[in-house]
Amino acid sequence: MSSPRDWWRSDVIYQIYPRSFADNDGDGMGDLPGITARLTDLRDLGVDAVWLSPFYKSPQHDAGYDVADYRSVDPRFGDLGDADKMLAEAKQLGLKVIVDLVPNHTSSEHVWFQEALAAAPGSPERERYIFRDGRGADGSEPPNSWTSVFGGPAWERLDDGQWYLHLFDVSQPDLNWGNPEVREEFLSILRFWLDKGVDGFRVDVAHGLIKEATLADWEYAGEILGGLTPEGAPPPPMWDQDGVHEIYRQWRELLNSYEPARILVAEAWVQPADRLARYVRPDEMHQAFNFEYLVTLWGADAIRKVVDRTSSANAAVGAPTTWVLSNHDVVRHASRLGFSDGKDHRNGIGVDDPQPDAALGLRRARAASLQMLGLPGSAYLYQGEELGLPEHTTLPDDFREDPTWERSGHTEPGRDGCRVPIPWEADSPSFGFGPADASWLPQPAAWAEYALDRQRDVPGSTYELYRSTLRLRKEHDLGNGTLSWLDTPADVLAFRNGDILVLTNFGDAPAELPLGSRVLLSSEPLTEDGKVPQDVTVWARA
Ligand code: GLC
């Protein structure tokens with residue numbers, strides 16, 4: 001078993017998206033009291049920790065990833081007292097709490113940006129952000145050719161002629177991490193939440209804080225997947241610059257002064273795996289999301305390779321590997337895996353787009369989750385996946401709030417489809433999301449069947465499958481285990497982790513389990529003669 005100091009090496013961490021988890025006051029928007037009231041459900045599910053997406057004061061132009069005040073709670077979600085109550089309840093239940101930290105940019109409503117707007121070019125107030133004069137005779141051309149991750153240009157011009165950089169929405173100006181004042185401020189923000197008792201931070205856009213010094217042109221589309229540069233392209237000047245690491249070393253020093261261990265988790269879309277592993281060297285962060293695993297298409301060979309590649313890159317720096325299949329930025333895996341067209345459908349699914357095969361998606365999602373939870377390391381779950389929840393793929397466009405939709409000129413539906421409030425009770429208003437029939441994004445009528453109360457204690461339900469899997473994972477301490485592959489036919493992937501054998505069959509021919517196997521869990525029923533059908537994962541003792 002892991003010691004309290006290194007719990008993060010093996011924990012299962014559940015992502016709460018506060019807007020859509022549980023609404024206590026009935027305004028259609030989730031809130032902290034709603035979360036607090038539902039924490040026992042997460043304890044019962046069997047997760048070890050929760051990570052909350054931002055709940056700080058924010059105009060919500062990017063669903064809270066545009067922070068106006070890092071030390072206060074947005075009134076939509078409650079107040080600081082509610083945050084304290086949530087933390088106390090989590091502690092009481094033995095759940096750790098990780099909060100989101102957004103250091104790459106602030107909201108344009110942050111007092112610093114307001115001061116910068118009011119101040120003159122060249123002033124200390126502007127030095128906290130990335131202001132530049134434009135190009136061309138009259139400075140009317142942006143300072144360089146970068147585009148925003150959400151689409152459109154990455155620069156906005158002010159009336160006085162200067163431009164500021166925003167790698168995301170125009171309401172999310174990038175901070176200047178070359179400025180010591182910015183560094184000091186974030187150390188102070190970290191201390192504020194550490195002293196409140198949080199167990200760690202998920203660091204948003206961790207690969208973006210430092211930009212290449214000359215802000216050299218970059219002729220490719222702004223993609224957060226910076227590491228996935230197009231063939232032949234030079235390294236992107238806005239992502240994964242070496243200078244980011246000294247920031248995390250400084251943060252780690254601060255965290256090391258707290259007991260028990262507090263952690264840093266990098267949201268860094270960086271490839272290849274050994275570049276990403278630099279973020280989790282012993283004196284930097286503790287974990288980094290394994291997005292390379294998340295974007296891997298369904299197939300034995302590709303999955304085996306990504307598991308090997310990412311595990312060995314992490315092992316080389318002594319860090320655990322993390323596993324993740326869904327989050328608030330990608331199409332839910334129960335829908336993503338319902339496609340067999342070789343595409344990753346990363347940018348959302350619109351009502352007029354080809355639709356996934358829901359039954360196939362769920363079947364594969366259950367198999368994928370069982371496989372993921374059998375791997376050694378730490379695993380992340382996204383709220384609703386334990387219910388087998390699909391993406392809302394027919395959300396009417398009028399409801400879309402993700403800035404991607406507007407900024408891409410309505411070419412990318414964006415991420416709203418994975419952010420719809422989750423169903424708790426089949427027969428209640430808003431499916432028990434809140435006391436009223438209100439929900440900031442509409443819930444599909446078909447979601448009644450996914451509600452927790454339809455699945456609890458129902459053998460074979462996705463919820464009960466997750467619950468048994470999490471229980472066994474803990475009993476066998478798989479998070480701290482070691483993986484060894486078995487020799488299998490090409491369409492079958494099987495590994496041993498301690499005394500558990502995990503086998504997934506990707507092919508259409510039913511797969512044999514090793515002789516004498518005792519099946520402990522199966523994502524779907526086996527064939528009558530005890531073989532593993534296509535798109536099914538089994539846990540067995542053999
Ligand atoms: C991260 C967040 C995403 C947000 C972006 C800008 O990728 O996960 O939701 O839009 O950063 O903060």
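Predicted model: local features only at pLDDT ≥ 70, side-chain atom pairs only at ≥ 80, totals over all residues.
1. Helix H13 is followed by Asp-477, a residue whose phi is positive, near 50 degrees.

2. H13 spans residues 462-475, which gives it 14 residues. From its first C-alpha to its last, the helix reaches 20 Å, close to the 20 Å expected at 1.5 Å a residue. Ten of the 14 residues are buried, so H13 is largely enclosed by the rest of the structure. The buried positions include the run Thr-462, Tyr-463, Glu-464, Leu-465 and Tyr-466. Further along H13, Ser-468, Thr-469, Leu-470, Leu-472 and Arg-473 are buried as well.

3. The ligand site deserves attention. There are 15 residues around the ligand, and those that come nearest are Asp-62, Arg-202, Asp-204, Glu-267 and Asp-329. By residue class, the shell around the ligand divides into seven charged, five nonpolar and three polar residues.

4. For Glu-267, an N or O atom of the side chain is 2.7 Å from an oxygen atom of the ligand. For His-105, the corresponding separation between a side-chain N or O atom and a ligand oxygen is 2.9 Å. For Arg-415, a side-chain N or O atom is likewise placed 2.9 Å from an oxygen atom of the ligand. Taken alone, the ligand exposes 300 Å², and the protein buries 99% of that.

5. Thr-404 is found in helix H11, which covers residues 403-407. At 7% relative accessibility, Thr-404 counts as buried. Its side chain also makes a polar contact of 2.9 Å with the side chain of Asp-402.

6. Thr-322 lies in strand S12, residues 322-324. Is Thr-322 buried or exposed? With a relative accessible area of 2%, Thr-322 is buried, the cut-off being under 20%. The side chain of Thr-322 reaches the backbone oxygen of Ala-288 at 2.7 Å. A polar atom of the Thr-322 side chain also lies 3.1 Å from the backbone nitrogen of Asn-290. Leaving aside neighbours within four places in sequence, Thr-322 is in contact with Gln-287, Ala-288, Phe-289 and Asn-290, and also with Ser-378 and Tyr-380.

7. Asn-24 has its place in the loop between strand S1 (12-16) and helix H1 (32-45). Asn-24 is partly exposed, with a relative accessible area of 45%. Not counting residues up to four places away in sequence, Asn-24 touches Asp-31, Pro-33, Gly-34 and Pro-435. The C-alpha atom of Asn-24 is separated by 33 Å from that of His-286, and the two residues are 262 residues apart along the chain.

8. The bond from Glu-259 to Pro-260 is cis, with omega near -15 degrees. Pro-260 is found in the loop between helix H5 (244-256) and strand S10 (263-266). The bond from Gln-271 to Pro-272 is also cis, with omega near 0 degrees. Pro-272 is found in the loop between S10 and helix H6 (273-277).

9. Phi of Gln-60 is near 65 degrees, a positive value in a residue other than glycine. Gln-60 is buried, with a relative accessible area of 10%. Ala-63 lies in the loop between S3 and S4. Phi of Ala-63 is near 50 degrees, again positive in a residue other than glycine. With a relative accessible area of 11%, Ala-63 is buried.

Note on methods
Residues numbered from 1 in each chain as written. Heavy atoms only, no water. Near = heavy atom within 4 Å. Polar contact = N/O pair within 3.5 Å; in protein donor to acceptor, adjacent residues only side chain to side chain. Areas by Shrake-Rupley, 256 points an atom, 1.4 Å probe, with all protein chains shown as cover. Nonpolar A, V, L, I, M, F, W, Y, C, P; charged D, E, K, R; others polar. Helix = DSSP H or I, 4+ residues; strand = E, 2+ residues; numbered from the N terminus. Expected span 1.5 Å × (residues − 1). Buried < 20%, exposed > 50% of the residue type's maximum accessible area, 1.4 Å probe, protein only. Contact = heavy atoms within 4.5 Å.
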